[in-house]
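Please keep the sequence and the structure in view while reading.

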Amino acid sequence: MSESFSASRWTKGNRIFPTRIEVGPDRVARIKPRWIGSTEESIAIPSVASVHIGTGLLFSDIRIDSSGGSNPIVSHGHTK
């Protein structure tokens with residue numbers, strides 16, 4: 001069973017298709033829908049090195065780093 005967190009439509013880049021972060025038992029995925037299809041980035045749970053959540057006045061930014069040194073998963077505009 002996975003948990004899904006959607007970004008707010010009030011934030012930049014999320015007006016039409018809000019970004020989703022899905023956390024499952026085996027991976028963490030960032031899914032960005034497009035007009036045709038979607039873009040997905042994922043990191044296996046054993047490879048997650050750190051999670052950074054920066055909170056602003058209304059919205060939060062999430063950054064998930066992997067232990068392999070690859071690009072982190074970054075998502076903007078999530079509610080607190």
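The model is predicted. Its secondary structure consists of 7 strands and 0 helices.

**Confidence**
- The protein chain has a mean pLDDT of 92, and 100% of its residues reach 70 or more.
- Confidence is highest in strand β3 (residues 27-33), with a mean of 95.
- Confidence is lowest in strand β7 (residues 73-79), where the mean is 91.

**Overall form**
- Along the sequence, the protein chain reads as β-β-β-β-β-β-β.
- The radius of gyration is 12 Å, close to the 12 Å that the globule rule gives for 80 residues, so the protein chain is as compact as a globular protein of that length.
- Along the principal axes, the C-alpha atoms fill a box of roughly 35 × 35 × 25 Å.
- Of the contacts between residues at least 6 apart in sequence, 20% join residues at least 24 apart.

**Burial and surface**
- Of the 80 residues in the protein chain, 30% are buried.
- The accessible surface amounts to about 5500 Å², and 56% of it belongs to carbon and sulfur atoms.

**Glu22 and its surroundings**
- Glu22 belongs to strand β2 (residues 20-23).
- The side chain of Glu22 makes a polar contact with the side chain of Arg20, at 3.3 Å.
- Beyond its neighbours within four places in sequence, Glu22 is in contact with Glu3, Ser4, Arg27, Val28, Ala29 and Ile31.
- Ser6 and Glu22 are 16 residues apart in sequence, and their C-alpha atoms are 8.7 Å apart in space.

Note on methods
Residues numbered from 1 in each chain as written. Heavy atoms only, no water. pLDDT = per-residue confidence, 0-100. Helix = DSSP H or I, 4+ residues; strand = E, 2+ residues; numbered from the N terminus. Contact = heavy atoms within 4.5 Å. Polar contact = N/O pair within 3.5 Å; in protein donor to acceptor, adjacent residues only side chain to side chain. Rg over C-alpha atoms; globule rule 2.2 N^0.38 Å. Buried < 20%, exposed > 50% of the residue type's maximum accessible area, 1.4 Å probe, protein only. Areas by Shrake-Rupley, 256 points an atom, 1.4 Å probe, with all protein chains shown as cover.
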